[in-house]
Amino acid sequence: MDLLTLLQLLDSTVRLATPLLLACLAGLFSERAGIFDIGLEGKMLAAAFLSAAIAYTTGNVWLGLLAGIGASLLLSAIHGVASITFRGNQLISGVAINFLAAGLTVVIAQSWFGQGGRTPQLAGAARFNPITLPFADSLREVPVIGPIYYELISGHTILVYVALLIVPLSWWVLYSTRFGLRLRAVGENPAAVDTAGVSVVGLRFAAVMICGVLCGLAGAYLATALQAGFTKDMSAGRGYIALAALIFAKWKPWPCLWATMLFGFLQALALRPDLIERTLGFNVQTQLLDALPYILTVVILAGFVGKAIPPRAGGEPYVKER
Amino acid sequence: MTLFTKFLGATAALALSAGAALADPAIIFDLGGKFDKSFNESAFNGANRWAEETGGKFAEVELQSDAQREQALRRFAESGANPIVMAGFSFATPLGDIAADYPDTKFVIIDAVVDAPNVKSVVFNEEQGSYLVGMLAAMASKTGTVSFVGGMDIPLIRKFACGYAEGAKAVNPDINVIANMTGTTPAAWNDPVKGTELTLAQKSQGSDVVFQAAGGTGVGVLQAAADNEMLGIGVDANQNYMHPGQILTSMLKRVDIAVYDAFIAGDAVEPGVASLGVAEDGVGYAMDENNKDLVTAEMQAKVEEAKASMADGSITVHDYMSDESCPALTF
């Protein structure tokens with residue numbers, strides 16, 4: 001495998017991993033605060049739809065992005081009200097959100113645009129275009145570093161760089177701020193946080209809302225950066241893969257990055273059966289590569305590679321002692 | 001109270017419209033919905049053409065889930081609709097189950113074969129249409145590599161890929177044809193992101209013309225082709241308008257003709273299997289103002305020649321579904 005092919009493969013990895021990374025970090029905040037969220041998929045889908053719809057009607061992708069985040073926040077709020085305020089079952093609320101988003105996006109898209117549940121194609125300023133980083137063109141001829149910088153690091157849309165910056169930011173927020181300490185505590189032992197006089201409900205809502213913003217970014221990335229418009233069910237299970245990545249990453253920010261990059265790499269590799277055959281000398285079924293992220297997650301869950309310990313209070317609504 | 005009355009009114013209106021459907025033809029659209037700009041919309045256009053030309057009325061329903069297939073069939077059959085046309089291979093199993101219960105009703109299924117005395121099965125020779133666009137792809141390609149992106153990996157989609165490869169190799173025996181499938185589950189029809197990445201992966205292997213038979217995933221394929229100086233090829237309906245000047249052509253599958261013919265025949269539909277190929281104008285390639293600069297007169301002449309040879313039988317294109325193998329391509 002030559003350098004250029006490898007770089008193309010890694011380039012594809014970055015594009016495929018970015019929505020997973022954003023969704024994975026979204027799940028991280030929510031689950032670290034003790035709110036399980038299998039509604040990542042639905043929130044991404046809703047954000048993908050509304051970001052594309054608003055970007056198309058206004059011609060401005062930034063307004064689209066805001067609208068996408070808004071849609072995702074709305075669903076987050078529903079999840080919050082159902083599972084925090086009314087102490088409902090978090091899994092059921094998440095499933096409901098997935099169904100709601102899958103159905104509503106298509107119905108609304110059909111009534112607005114009449115194109116069979118799609119939004120019209122976005123063009124120009126209505127979508128995020130790749131940005132060429134400074135010096136990328138002049139450095140291109142430099143051996144090794146040049147192609148790496150030009151092919152791999154430069155030429156992504158701004159949301160990719162934002163997603164990568166959110167990783168250290170999440171790490172800093174969760175591990176170096178008072179808010180982060182309390183957020184983690186509320187996922188482990190909410191009673192202790194309550195005793196200290198800090199609002200459990202407030203913290204959990206804050207976490208769920210952060211989750212909404214990140215899912216909104218992920219959805220908008222799908223519809224306005226990777227694609228030029230919304231098509232029905234376009235998230236195609238990425239919310240669930242992100243959850244698997246979150247378990248794989250043992251609920252920690254930096255491992256989230258590595259896990260989603262690994263999953264993205266496996267997906268990118270599955271797209272190049274010719275490369276695998278050339279490198280290994282035999283043909284590997286692409287279905288096996290598609291299934292690998294899940295197999296790895298099961299291996300981790302079974303305790304073969306370290307232990308994945310979820311936040312202790314995860315999934316349980318907090319009831320103050322009566 | 002007023003809301004309640006409204007509901008009552010709506011129910012009454014529904015009941016009335018169901019009554020009016022008596023002995024009219026009916027059509028059931030598949031999950032893509034009737035405005036999918038592709039397969040289902042083509043079926044809808046055929047039904048509409050019949051309604052406009054004859055002034056008749058037809059009953060229709062758009063399915064929302066797989067579970068509704070049998071229910072929709074039974075409801076139409078019991079309301080007396082005849083014939084009942086269904087668009088999509090997924091109806092094969094439910095139709096096989098219920099056809100015997102309604103011996104006086106004629107059913108027409110498109111894209112699948114159901115063996116029953118009151119069922120007409122309409123299948124298309126997609127391999128012939130794919131062959132034609134494969135020829136165009138090979139003639140338009142400058143790199144000597146063309147590619148194919150399929151949706152779900154099922155024999156029907158392999159049939160497209162196989163015909164395409166055969167057509168490309170008929171023009172240029174040394175051409176390299178890359179074929180990828182998006183996945184093995186129905187989600188593969190709706191993953192434009194993966195479609196884009198597959199197209200980019202094919203581009204890095206040298207492909208400069210890509211043919212998609214992948215439903216919603218195909219939107220991502222055509223987008224990637226347009227964004228990266230490749231030529232795309234649409235499928236089922238004429239998709240040339242999606243990226244004018246960047247879509248070489250579209251492989252047409254005239255579902256509308258199949259529906260129109262069935263509606264015209266009414267309850268006198270002939271049971272059995274009908275296959276629509278190039279000779280019947282059931283499949284073909286699309287030419288319009290969006291791609292007239294991409295396809296030269298010379299290219300078109302060559303394709304027309306092949307079309308004539310297919311119609312008179314001097315060229316036969318291998319059908320993947322006949323023996324589950326493809327001489328021109330390995331999967």
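Guide: Two strands pair if DSSP finds at least two bridges between them, and strands (E, at least two residues) are, like helices (H or I, at least four), DSSP runs numbered from the N terminus. This is a predicted model, in which local features need pLDDT of at least 70, side-chain atom pairs count only at pLDDT 80 or more, and totals for chains, interfaces and linings use all residues. Residues are numbered from 1 along each chain as its sequence is written, and chains are lettered from A in the order in which they are written.

Visitor: Which residue is the bridge partner of Lys253(B) in strand 12 of chain B?

Guide: The partner is Val283(B); three bridges join strand 10 (residues 247-253) to strand 12 of chain B, and these two strands run antiparallel.

Visitor: In what order do the six strands of the open sheet in chain B lie?

Guide: The order is 7-6-8-9-10-12, with mixed pairing. Strand 7 (176-183) and strand 12 (283-285) of chain B stand at the edges, each with a single partner strand, so one side of each lacks a neighbour in the sheet.

Visitor: Which strands does helix 6 of chain B lie across?

Guide: Axes are lines fitted to C-alpha atoms, for helices over the stretch in contact, with angles from 0 to 180 degrees between N-to-C directions, and two residues are in contact if their C-beta atoms, placed from the backbone, lie within 7 Å. Helix 6 (residues 155-171) of chain B lies across strand 6 (145-152), strand 7 and strand 8 (209-213) of chain B, running at about 170° to strand 6.

Visitor: How many residues does each chain bring to the contact?

Guide: Chain A brings 27 residues and chain B 26 residues, and helix 1 of chain A gives the most to the side of chain A that touches chain B, with five residues.
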